[in-house]
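Please keep the sequence and the structure in view while reading.

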Amino acid sequence: MGGGLRRPRFSLRGPLPLTPSLKGRGKADLPSHLWLLLPAVTANLLVFLWPMLNLATLSFRDSASGGALLPGFSLATWAGLLTDSYYAELVVDSIGVSLLITALTLLCAYPIAWFVHRAPDRWRNLLMVACIAPLLVSAVVRTYGWLVILGDHGLVPGLLRALGFAHPPPLVFNQTGVVIGLTEVLMPYMILSLLAGFGRLNPTLEEAAASLGARPIAVFRRIILPLSLPGVLLGCLLAFVLAASSFITPSLLGGGRVPLLATEIYDEAIVTLNWPVAAALSVVVLAVFGVALVLYGRLSHAVA
Amino acid sequence: MLRVLVAPLFLFLLAPVILVFPLSLSADSFLAWPPSGWSLRWYAALLHHPGLMAALRNSAILSVVVTALALALATPAALVIARVAFPGRETLFALLTAPLLLPTIVLGLALLIIFAGRGLLGTWTGLVLAHLLITLPYALRVLVTALGGLPAGVEEAAASLGAPPATVFRRVTLPLMLPGVAATCAIVCLVSFDETVVSLFVVGPRLTTFPVALFRYVQSRTDPLVAAAAALMVLFTLLVVFIADRTVGLRRAMGR
């Protein structure tokens, strides 16, 4: 790509913005322009707001065996969900796996982001493209790539056999495969968030610390790490919510043997045809998102 | 020291995408690495797979239709949101771009339930609506960002010289925002073409999209055919990005 990727500029304090701010401009002559908003708003109501509200209310309906919805308000779905230990385990497992994936993504992405941030200008463009390029590739394709690498006749088991392991442990169709695949799939988001955070670092601070006799480890621990925390938090938020709700990678690499929230929603909706349960699990996913967002807000306020 | 750590991490990040290229040239009849021989048989198999080819045609048509519709719906709204400071503007923008922040598995389920009772599952109308849900927020964000980066002064100058609003838009705003429009087209087209999860909920036995067909194929068996399809998809994506960057400059269009 020609030109130069400029580092994103952010204010020195406060959390990184999730959405761009709108600059005030022009006169408030909305009535004469209102009709211009209508097509987009209508589309939004039709395909977003109405289906989402309908979904939320559906979790308060009950279904007969076979999938037919029963009329009237009912708490049976939620009662079933809250008392069945299968769903409790599902939620706990999903959150646990998502947290593990978030931590691994951060560990793998931090060195890359730091390297890209410190790279000379002409290299940084190329490295940025290498970091972002996987985002443009379909999740199905990238997951298929992991089947090639981790599958029974794949690259890694082949290498392990060549190294003398007669029976390498299975790496796909289990939780290991899901964790490895999702970590890689989510790394670009983490790298971009970290780079946005590093953009706030002032190199003179590190030089000052070093010239005052601080060793590299101390410079990292006392200067770089604290100042990069907003980027770390944003990256962790993104990685966590995406891990907790992703479907393609867990479905293909888990082989139906690793039940997570998203795969369970799909199975309930398409296979079991139990829409109220699928709707209630969707509300659970959104609640997990909400808790993650609140935690993010609190933590980024604390580090600012 | 850092390089020793970063090189394997980059390899980890890029390996799955890079590996599909050599694998697509495998001569084996099942998924194995390294391939025992090289051939183009899986590209030939892909071209002669009626299901995947029909799905590919569907996805191509769908992405063009969705791009045109998303642009038509988002451009007027983006103009108002970027230009008129009205009360509730931030809220409206947040509502219109909210689907971007929500999990696709939930959006897909919500559409499935609405579509099922209205005979929209497995129809073109249903697919187009589902893809508009996913792509409209992207279109709006890119267009609003692009418009925000334009000099507003020239529009006011044209208006103060007596040009009616429609003329100002046609002669001043539209030419200035063309890079943003091109970027929107590229992004919406790619997002629509790659969209898998929401499509999974609304496709039917007779109408399916390419990523969904690939997903189902990978689910049922693993052979190098998908590698051939994947290699072509990666090349197609690179081509769209390259064309968009060469013709308008993606970064300029994104307003950065």
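**A guided reading of the model**

A:Phe173 lies in the loop that connects α6 and α7 of chain A. The model is a predicted one, and the backbone at this position deserves attention: phi of A:Phe173 is near 60 degrees, a positive value in a residue that is not glycine. Most residues other than glycine have a negative phi. A:Phe173 has 19 C-beta neighbours inside 10 Å and therefore counts as partly exposed, since a buried residue needs 20 or more.

A:Leu273, which is not a glycine either, has a positive phi of about 60 degrees. A:Leu273 belongs to the loop between α11 and α12 of chain A. Because A:Leu273 has 16 C-beta neighbours inside 10 Å, this residue is classed as partly exposed.

Among contacts in chain A that join residues at least 6 apart in sequence, 73% link residues at least 24 apart.

Two helix pairs illustrate the packing within chain A. The axes of α5(A) and α7(A) come within 10 Å of each other and cross at roughly 130 degrees. That angle makes α5(A) oblique to α7(A), since the roughly antiparallel class requires an angle over 145 degrees. The crossing of α5(A) with α7(A) is right-handed. On the α5(A) side, A:Ala139, A:Arg142, A:Thr143, A:Trp146 and A:Leu150 take part, and they meet A:Gly177, A:Ile180, A:Gly181 and A:Val185 of α7(A). By class, this contact comprises 5 nonpolar, 3 polar and 1 charged residues.

The other pair consists of helix α9 (residues 216–245) of chain A and α12(A), which pack at an angle of about 175 degrees with their axes 10 Å apart. α9(A) and α12(A) are therefore roughly antiparallel to each other. From α9(A), the contact includes A:Leu229, A:Pro230, A:Leu233 and A:Phe240, while the residues of α12(A) include A:Val285, A:Phe289, A:Ala292 and A:Tyr296. The residues of this contact divide into 14 nonpolar, 2 polar and no charged.

Attention now turns to the partner chain. In the model, 70 residues of chain A are in contact with 74 residues of chain B. Several helices of chain A each supply at least two residues to the side that touches chain B, among them α1 (30–58), α3 (85–118), α7 (175–198) and α12 (275–303). The largest share of that side, 16 residues, comes from α1(A). Divided by class, the side of chain A that touches chain B has 48 nonpolar, 16 polar and 6 charged residues.

How much confidence does the predictor assign to the complex, in terms of ipTM and pTM? The ipTM is 0.86 and the pTM is 0.87. Chain A averages a pLDDT of 84, with 88% of its residues scoring at least 70. Over residues 1–15 of chain A, however, the pLDDT is below 50, and this stretch has 28 contacts in the model beyond near neighbours in sequence. Where pLDDT is low, the predicted coordinates should not be read in detail. For chain B the mean pLDDT is 88, and 96% of its residues reach 70 or more.

Technical notes. Residues are numbered from 1 along each chain as its sequence is written. Chains are lettered from A and ligands numbered from 1 in the order in which they are written. This is a predicted model: local features need pLDDT of at least 70, side-chain atom pairs count only at pLDDT 80 or more; totals for chains, interfaces and linings use all residues. Two residues are in contact if their C-beta atoms, placed from the backbone, lie within 7 Å. Helices (H or I, at least four residues) and strands (E, at least two) are DSSP runs, numbered from the N terminus. Ala, Val, Leu, Ile, Met, Phe, Trp, Tyr, Cys and Pro count as nonpolar, Asp, Glu, Lys and Arg as charged, and the others, Gly among them, as polar. A residue is buried if 20 or more other C-beta atoms lie within 10 Å of its own, exposed if 12 or fewer, and partly exposed in between; C-beta atoms are placed from the backbone. Axes are lines fitted to C-alpha atoms, for helices over the stretch in contact, and angles run from 0 to 180 degrees between N-to-C directions. Angles under 35 degrees count as roughly parallel, over 145 as roughly antiparallel, 65 to 115 as roughly perpendicular and the rest as oblique. A crossing is left-handed if the near helix is turned anticlockwise from the far one by less than a right angle, and right-handed if clockwise. pLDDT is the predictor's confidence in each residue, from 0 to 100.
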